[in-house]
Amino acid sequence: MANSLSQSSTEDICKQVHGSLGNLSILVRVLAGQLSQHECQKTREKYKEMYGEDLYEIFRHKIHGTTSKTCMILSSLMLNPHERDAIVAKNAIFKERDRVDYKALIEIYVGRKSSHFFLIQQAYQSKFRRHLDQDIMNIEPPHSYQKILMALAASHKAHSAQVSVHIGKCDAQRLFQTGEGRCGEFKIDEGVVLEILSKRSIPQLNLTLSIFKHIYGHTYTKHFKNKYGGEFEEALKLVVKFLNNPPKYYAKALEASIKGGTTDEGDLERIIVSQSETDMNKIRKIYKNVYGMDMRDAIIESFPIGDYRDLLLALTMKTSIDND
């Protein structure tokens, strides 16, 4: 991890940012290239103390009178991870009422540690005066993702830090049996799956899926592939793929965004910002193994020269740190 900024150097950074608000190139180089996200947040605090303005709001609204993708990413860097995830969740639920971004929600509910998840819920309530779980329950029209998300919310309350091989074997067997054909029909027993998701911690669920593959010789998603095509099964498939290997999930999502194979706006920025200092090293390694190209080269090939491309490169090339 980069050394924390001293009081004097934080002030120097603030002065440099203040004098460069009309020059995105400098801002990208300083904030994304030279500072960690934690240091960006410290800079935001000092800047407000020095100039009475919030860098988050400046980047969102004031630069050039418009909100560019570059400015939106810079604004995200000013937020602590819990506040940023709370905003992502709010936008995922309410930005387009006819199209909830369940992928963004799954990344939060599955990809964050329980201690962080509770801070996200607190940030959501503090910032929006609403309850995250309640907003998810009230999504219309109803969707199977809601059931899964609520089960995962309960799983974060499974306080045992220990994982059990015995429980993993029992749960793996139950998952296998719930996928058996009944009366000529193939249907996953939602009740069994939701019970397991809600009563086990994320690490325990990971162990169960690993044991399932070891016992039955294939992944759980392959177990019901081509047999179950319902809404619940499709939602569960995405969740299980994320649980099995988050870096691989992110690598595939980034490839779709970089190469323009997805219409889901915001995936690229959201994932790169959230993972730039956590699992980006693993994501880049998987990306290269799967697609035969370094992610840096893919970004250079896919985006025109400019501040936005420089910002993406700066974030993807950061060295991951332990974010405990």
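Author: Let's start with Ala172, which is buried, its relative accessible area being 0%. Buried means under 20% relative accessible area, exposed means over 50%, and partly exposed lies in between (1.4 Å probe, protein chains only). You are looking at a predicted model, where local features need pLDDT of at least 70, side-chain atom pairs count only at pLDDT 80 or more, and totals for chains, interfaces and linings use all residues. Residues are numbered from 1 along each chain as its sequence is written, and side-chain values use heavy atoms, leaving out hydrogens and water.

Ala172 sits in helix α11 (residues 165-177). Helices (H or I, at least four residues) and strands (E, at least two) are DSSP runs, numbered from the N terminus. Which residues does Ala172 touch, not counting those up to four places away in sequence? They are Thr208, Ile211, Phe212 and Tyr216, where contact means heavy atoms within 4.5 Å. Ser210 is 38 residues from Ala172 in sequence, with 8.8 Å between their C-alpha atoms.

Now step back to the whole protein chain. It has 20 helices and two strands, and 47% of its 324 residues are buried. Of the contacts between residues at least 6 apart in sequence, 71% join residues at least 24 apart.

Leaving aside neighbours within four places in sequence, Glu269 is in contact with Lys69, Ile73 and Tyr308.

Arg129, in the loop between α8 (114-128) and α9, has a positive phi of about 55° although it is not a glycine. Arg129 is exposed, at 67% relative accessible area. Pro141 belongs to the loop between α9 (132-137) and α10 (144-155), and a cis peptide bond links Glu140 to Pro141, with omega about -5°. Both details are worth a look because most residues other than glycine have a negative phi, and most peptide bonds are trans.
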